[in-house]
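Please read the report below with the sequence and the three-dimensional view side by side, and find each residue in the picture as it is named.

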Amino acid sequence: MAYRKLESLNEKGYLILKDHEGPAPAPEEWTSLEYIDWKSGGDTNFAPLASAFGDLECHGFWDHGKADKDGMWTSNSELTPTIKAWVENVGANFGRVRVIQLNPSTEEEARRHIHQDDNNRLNPDGEGWVVRAWLELDAPEGSKFILRDEKDDAESEQLIPLYPGRQLIIDTERMWHVVHNPGPAPRHALIASFETSDALDAWVESQRV
Ligand SMILES: [Fe+2]
């Protein structure tokens, strides 16, 4: 058995999707949330919208004996109706759903945090591979995703400029990745884990550029 994967991610490991259509979430949808000091990919704080059992905590679902799916909404999610609706509209099984707050840094410092995610721990073989989707909420000018196939392979590097409304889907267990925010303000983005399924495939196709 092998995991079911998204054919659309086979070639590059990521896709830049259409910009978000419809009303943009109001800034209160990310400024009013409860953030937790949790370092991942730089100087970060995270506001959990869905966690393993609905608590305001950032631990991997594996710490609770679960794969990164069947996420449960937290109290934060009540403060973010547009963002919650965005996740539900995808229609696929979701796991961790969080708003990341990434503080500014130099590019050199950001690059020190390039990493792969652990999305499929405890995910049974034969089920859908867990990948991650982004909706950028705000991003200082010059913010960018840095992606690589191999950590030390500069030739494989892809740079993706970030701005509010940008949507991405990335197999972050395959791709090395980090975001550089040059500042001066923090950058906020929604990050959601989704299990590969017909529903996720259909959503990605509906969002292709
Ligand atoms: Fe990551």
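Predicted model: local features only at pLDDT ≥ 70, side-chain atom pairs only at ≥ 80, totals over all residues.

Ala47 belongs to strand S3, which covers residues 44-51. Although Ala47 and Ile100 are 53 residues apart in sequence, their C-alpha atoms are 6.5 Å apart in space. If residues up to four places away in sequence are left out, Ala47 touches Leu33, Glu34, Tyr35, Asn76, Arg98 and Val99.

Phe194, for its part, is in contact with Val90, Ala92, Asn93, Phe94, Val130, Val131, Ala133 and Leu200, once its neighbours within four places in sequence are set aside.

| Element | Residues |
|---|---|
| Strand S3 | residues 44-51 |
| Strand S7 | residues 144-148 |
| Strand S10 | residues 176-180 |
| Helix H3 | residues 81-90 |

Which residues of helix H3 are buried? They are Ile83, Lys84 and Val87, and, seen down the axis of H3, the buried residues fall within an arc of 100°, so they line one face of the helix. On the other side of H3, Pro81, Ala85, Glu88 and Asn89 are exposed. The buried residues of H3 pack against helix H2 (28-31), strand S3, strand S5 (94-102) and strand S11 (187-195). After H3 comes Gly91, which has a positive phi, near 85°.

Strand S10 gives another picture, for it is mostly covered, with five of its five residues buried. In a regular strand the side chains alternate between the two faces of the sheet. Both faces of S10 are covered, with Trp176, Val178 and His180 buried on one side and His177 and Val179 buried on the other. Strand S7 pairs with S10 in the antiparallel sense, over five bridges, and Phe145 stands opposite Val179 in S10.

Conventions. Residues numbered from 1 in each chain as written. Buried ≥ 20, exposed ≤ 12 C-beta atoms within 10 Å, placed from the backbone. Helix = DSSP H or I, 4+ residues; strand = E, 2+ residues; numbered from the N terminus. Pairing = 2+ DSSP bridges. Contact = placed C-beta atoms within 7 Å. Arc of directions from axis to C-beta.
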